[in-house]
Number of protein chains: 2
Amino acid sequence: MLTEDELDRVCVVLVRARNPSNIGAAARAMHDFGFRHLRVANEFPVPFQAAKSAVDASDVLAGALTYDTVAEAVADCTLVIGTTSVGERDLQHELLPLSAAAPKMLAELRRDGDSGRVAILFGSEKTGLSNDELSHCNWLLTIPMHEHSGVRHPSMNLGQAVAVCLYELVRTPAHDTEAATNTEPANASPAAAANLERITTLLLSVMEKTEYTRRHAHNCDPAHVRRLVRRIGMDAVDAPVWLGILKQIVWKLTGKRED
Amino acid sequence: MLTEDELDRVCVVLVRARNPSNIGAAARAMHDFGFRHLRVANEFPVPFQAAKSAVDASDVLAGALTYDTVAEAVADCTLVIGTTSVGERDLQHELLPLSAAAPKMLAELRRDGDSGRVAILFGSEKTGLSNDELSHCNWLLTIPMHEHSGVRHPSMNLGQAVAVCLYELVRTPAHDTEAATNTEPANASPAAAANLERITTLLLSVMEKTEYTRRHAHNCDPAHVRRLVRRIGMDAVDAPVWLGILKQIVWKLTGKRED
């Protein structure tokens, strides 16, 4: 079980959700397990008022926030996790089964300072999360499903997937979390996603300005660079230092100061 | 995970299910986790053909069996479990949280002789299982939910409740600790110290050449920068990429290639 404060530092992010009844089902599962922060990253208006299946979940829906991009939706989060049904996708990320992912999320919520914020991303039902959307994630989780011979890999209904993931988070007893915390590398306080994104943008700019892009074009895809930056597991206190170094490089190369 | 034979000895029993889309959602969750035997206990005909949300679950729906009574629906089962959201009901049964119920169900499926058959009953969304229906059960399970102050106890959506219960059955590993160890992420191959040191040296050079040292002298002590680089916990495969980026910056700033 999570404390009220821990529940308050988890966001469920629906990316390109189109079906109001799925948004409603996700909100209802959140309400059932005590989660409050629903975010929707969509390029078009979201029909919250049509989310009819959200019995009891009106508070969750009323408080839902909408964003144009995934980057904005996760900007204040220190751990960003994508959900995937795997399948044929060529994954660039570390992938954990849900039961192993939950203790790591809890460890982030429970580390010293209570400043960890966890976002769990769910893609659209048809396509899941795109590679670009996945590149905002620190790592991925999957709900292990049955392999049906001769049939394509199943994908879960969105509302059911949200329910199962949140259930796993609240079911995990305290001692599991401790184990995960102890084996975890000392990552005292990870950088927020917004700073990682600023670092990514500056790094892409440096690659361009130094003509690195000409020599190593295959390393310069934005999604690739975004993953490279996420993999380093940067501490929050170090983010301003790296930002400062990158800004100084850009200034030296161009004569212009980034804000 | 369950064997095919074990999956074959579990029945999901929907009692007085009225909404075709809930029946479809239950069937889809069964398909996702590999369960096959759906039974519906209803006094009136069940509209299987209208169960539209059952993507991929047509086999489960086609094989579903209907019964007039709960007694008939569970007749061949050796362990019958009712699901309940508790609330104000005066329970006459032993009640277990789902995480404690799953190992008992697995034990029944795995006892000598492989003759155990487990039924999990889900009531109608409005009323749950009646006391009479509950009386067919050996014991009850509940999915622990959040207590919202001043609000009636939440009850889960039927499709989501089925998904969560079946997930718990297939997620439970033989030994929790063993599974946790084996699935522990994989930062398997950290960058060698030699590469971290080359990165440190190049970074110090970039700081110097870009005049970062003049603006932020307190960040430029070599030992400080060395710790900064070590803290990022770089993967071995990423080290050459970072080295390449730094070399290119130095080249652009000085016109000289580092070896």
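This is a predicted model: local features need pLDDT of at least 70, side-chain atom pairs count only at pLDDT 80 or more; totals for chains, interfaces and linings use all residues.
Figure 1. In soluble globular proteins, nonpolar side chains tend to be buried together.

**Figure 2. The surroundings of A:Ile81.** With neighbours within four places in sequence left aside, the contacts of A:Ile81 include A:Ala101 and A:Met105. A:Ile81 also meets a run from A:Val118 through A:Ala119 and A:Ile120 to A:Leu121. A further group in contact with A:Ile81 consists of A:Cys137, A:Asn138, A:Trp139, A:Leu140 and A:Leu141.

**Figure 3. Strand E6 of chain B.** Strand E6 of chain B spans residues 118-122, and five of its five residues are buried. In a regular strand the side chains alternate between the two faces of the sheet. On one side of E6(B) lie B:Val118, B:Ile120 and B:Phe122, and on the other lie B:Ala119 and B:Leu121. Both faces are covered, as these residues are all buried.

**Figure 4. The strands paired with E6(B).** Which strand pairs with E6(B) over five bridges? Strand E1 (residues 10-15) of chain B does, in the parallel sense. In this pairing, B:Cys11 stands opposite B:Ala119. Strand E4 (residues 79-83) of chain B also runs parallel to E6(B), and four bridges join the two. Here B:Leu79 has B:Val118 as its bridge partner.

Figure 5. Chain A contains 12 helices and seven strands. Of its 259 residues, 52% are buried. Among contacts in chain A between residues at least 6 apart in sequence, 85% join residues at least 24 apart. The domain assignment divides chain A into domain 1 (4-183) and domain 2 (193-254). Where these domains touch, domain 1 of chain A contributes 13 residues and domain 2 of chain A contributes seven. The side belonging to domain 1 of chain A has five nonpolar, six polar and two charged residues.

**Figure 6. The contact between chain A and chain B.** How many residues does the contact take from chain B and from chain A? Each chain supplies 54 residues. Several helices of chain B each supply at least two residues of the side that touches chain A, among them helix H2 (20-33), helix H7 (158-171) and helix H9 (193-209). Helix H12 (239-254) of chain B is another of these helices. By class, the side of chain B that touches chain A has 26 nonpolar, 16 polar and 12 charged residues.

Notes. Residues are numbered from 1 along each chain as its sequence is written. Chains are lettered from A and ligands numbered from 1 in the order in which they are written. Two residues are in contact if their C-beta atoms, placed from the backbone, lie within 7 Å. Ala, Val, Leu, Ile, Met, Phe, Trp, Tyr, Cys and Pro count as nonpolar, Asp, Glu, Lys and Arg as charged, and the others, Gly among them, as polar. A residue is buried if 20 or more other C-beta atoms lie within 10 Å of its own, exposed if 12 or fewer, and partly exposed in between; C-beta atoms are placed from the backbone. Domain bounds come from an automatic or database domain assignment. Two strands pair if DSSP finds at least two bridges between them.
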